[in-house]
Amino acid sequence: MRVMLDLSPEVRAALPDLVALRREFHQRPELAYAETRTAARVAAFLEGSGLSVRTGVGGTGLVAETGGAGRRVMLRVDLDGLPIQEQSDAPYASRVPGVMHACGHDGHAAIGAVAARILARRSLRGSVRLLFQPAEEGEGGAQAVVRDGVLDGVDLVMGIHLWNELPVGTLGVKPGPLMAAVDRLKIVVHGRGGHGGQPQRSADPVVAAAHVVTALQSVVAREVSPLQSAVVTLGSIHGGQAFNVIPDEVTITGTIRTFDEALRRSMPERLRRIASGVGGALQCRVEVEVKPGNPAVVNDPAVAEIARRAAARVVGEAGVVCPEPTMGGEDMAVYFERVPGCFVFVGSADAGKGLDQPHHSPRFDFSEDALGIGCEFLVRAAEEALAG
Ligand SMILES: [Zn+2]
Ligand SMILES: [Zn+2]
């Protein structure tokens, strides 16, 4: 696709830096709360920039800040890789066995570092706090940096995610719900184990678990309005050791995804009622535990409008798209519970070059043309936010 790109001379001059940093991070991915090398590299890159840099934020995160009074905008990028073995022939493929940047956070860290240096040289009408957040991948990084006071004095928050669901050259901006709330589910079906040849003397949790799994499909299909979105996925089921023994219990784990907060709060009761009712009918006791995770990412309409204007300056009106919401989750939501903000997707797929694998795939990679676009967007978003 052809789009009108408007990259500033500073971003254009920094394109080699963006690619080099991204590839360096990609080769040396670090898991949640172990991003010390990555954070140290960002800090080294920012040396001499005039930004005040604080390390160890939320454990392994980093904050870089411009001076200046007035409104303060926070720009957030993240640092962590995933426990995935990369399948790639790229010269910059991961050199760490079993660890990979399969979500694009290598690109985010590079974009944030370069954007920080550029913003440090601009005269701004307020100040910008660049947050390099650790542990985004389900490990509570956002909560950790919030506990360290990262939102103190912040008026609004913006963040980006490289996004292989959109072609490179586009920026996805959507007011309202964008990504789902993610809660964890654990179900234990307690039966009474015994001899496989004498089922009449047991209460079989394997059979009960099978019915529970089937019955839980009716929560979304029959209890949630067809006009609302929800997912209940049961991702693991474990029970028993031997072919001829009825075990005592079976454990099922899963994930619940919703957008609407009222619907989200109603889910534990529905799951409990159905699972214990079905299990009870089969003489098993069922425990259902729901562990709340991140809430839904809901973009503030006013901040989304600021983001949309900034995006249009980078990729033109035609390059700004309204992305489909996704049932994936993101801990950006933790900031948005406290401060208005907008999370923006940076189109990064180039199908012609095979750079369109889904996030978290062992073959994930993205078009590096998206790095300059993401960087230019962050810079302009900060300026646009402080201009008003
Ligand atoms: Zn991810
Ligand atoms: Zn991610």
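**Figure 1. Phenylalanine 364 and phenylalanine 366 are both buried.** In this predicted model, phenylalanine 364 and phenylalanine 366 form a tilted aromatic pair. Their ring centres are 6.2 Å apart, and the angle between the planes is 45°. Phenylalanine 366 also has a charged neighbour: arginine 22 lies over the face of its ring, 4.1 Å from the ring centre.

**Figure 2. Trp163, Phe343 and Phe345 form one aromatic cluster.** The model has 3 aromatic pairs. For phenylalanine 343 and phenylalanine 345, the ring centres are 6.1 Å apart and the planes stand at 70°, so this pair is edge-to-face. Both phenylalanine 343 and phenylalanine 345 are buried.

**Figure 3. Arginine 117 lies over the face of phenylalanine 45.** The distance from arginine 117 to the ring centre of phenylalanine 45 is 5.6 Å.

**Figure 4. The zinc ion (ligand 1) is coordinated by Cys103, Glu137 and His360.** The donor atoms are SG of Cys103, two OE atoms of Glu137 and NE2 of His360, at 2.0 to 2.7 Å. What is the arrangement of the 4 donor atoms around the zinc ion (ligand 1)? The angles run from 52 to 152°, which makes the arrangement irregular. Along the sequence, the donor residues of this ion are spaced C-x33-E-x222-H. Cysteine 103 and histidine 360 link distant parts of the chain, 257 residues apart. Cysteine 103 is in the loop between β3 (72-78) and α3 (105-121), while histidine 360 is in the loop between β16 (341-349) and α9 (369-387). Cysteine 103 counts as buried because its relative accessibility is 8%. Histidine 360 counts as partly exposed because its relative accessibility is 37%.

**Figure 5. The zinc ion (ligand 2) is coordinated by Cys103, His105 and His161.** The donor atoms are SG of Cys103, NE2 of His105 and NE2 of His161, at 2.1 to 2.5 Å. The spacing of these donors along the chain is C-x1-H-x55-H. Histidine 105 in helix α3 and histidine 161 in strand β5 link distant parts of the chain, 56 residues apart. Both of these histidines are buried.

**Figure 6. Cysteine 103 coordinates both zinc ions.** The zinc ion (ligand 1) and the zinc ion (ligand 2) are 3.1 Å apart.

**Figure 7. The largest pocket is lined by 28 residues.** How much space lies in the largest pocket? The volume is about 770 Å³. Glu137, Gly138, Val182, Arg257 and Gly329 are the lining residues that lie nearest the centre of the pocket. Three strands, β5 (156-167), β8 (181-190) and β12 (249-258), each supply at least two residues of the lining.

**Figure 8. Tyrosine 33 and histidine 360 each have a positive phi.** Tyrosine 33 is not a glycine, yet its phi is about 65°. Tyrosine 33 is found in the loop between α1 (9-27) and α2 (36-46). Tyrosine 33 counts as partly exposed because its relative accessibility is 35%. Histidine 360 is likewise not a glycine, and its phi is about 75°.

Terms used. Residues are numbered from 1 along each chain as its sequence is written. Chains are lettered from A and ligands numbered from 1 in the order in which they are written. This is a predicted model: local features need pLDDT of at least 70, side-chain atom pairs count only at pLDDT 80 or more; totals for chains, interfaces and linings use all residues. Side-chain values use heavy atoms; hydrogens and water are left out. Rings of Phe, Tyr and Trp (its six-membered ring) pair if their centres lie within 6.5 Å; planes under 30 degrees apart count as stacked, over 60 as edge-to-face and the rest as tilted. Buried means under 20% relative accessible area, exposed over 50%, partly exposed in between (1.4 Å probe, protein chains only). A charge sits over a ring if NZ of Lys or CZ of Arg is within 6 Å of the ring centre and within 35 degrees of the ring normal. Donors are N, O and S atoms within 2.8 Å of the metal (3.2 Å for Na, K and Ca); water is not among the atoms, so sites may look incomplete. Four donors count as tetrahedral if all angles lie between 85 and 135 degrees; four count as square planar and six as octahedral if opposite donors are over 155 degrees apart and all others between 65 and 115; anything else is irregular. Helices (H or I, at least four residues) and strands (E, at least two) are DSSP runs, numbered from the N terminus. On a 1 Å grid over the protein atoms alone, a cavity is a set of points where a 1.4 Å probe fits but cannot get out, and a pocket is an open set with protein on both sides within 12 Å along at least five of seven lines; lining residues have an atom within 4 Å of a point. Grid points are joined across faces, edges and corners, and a volume is the space filled by probe spheres set on the points.
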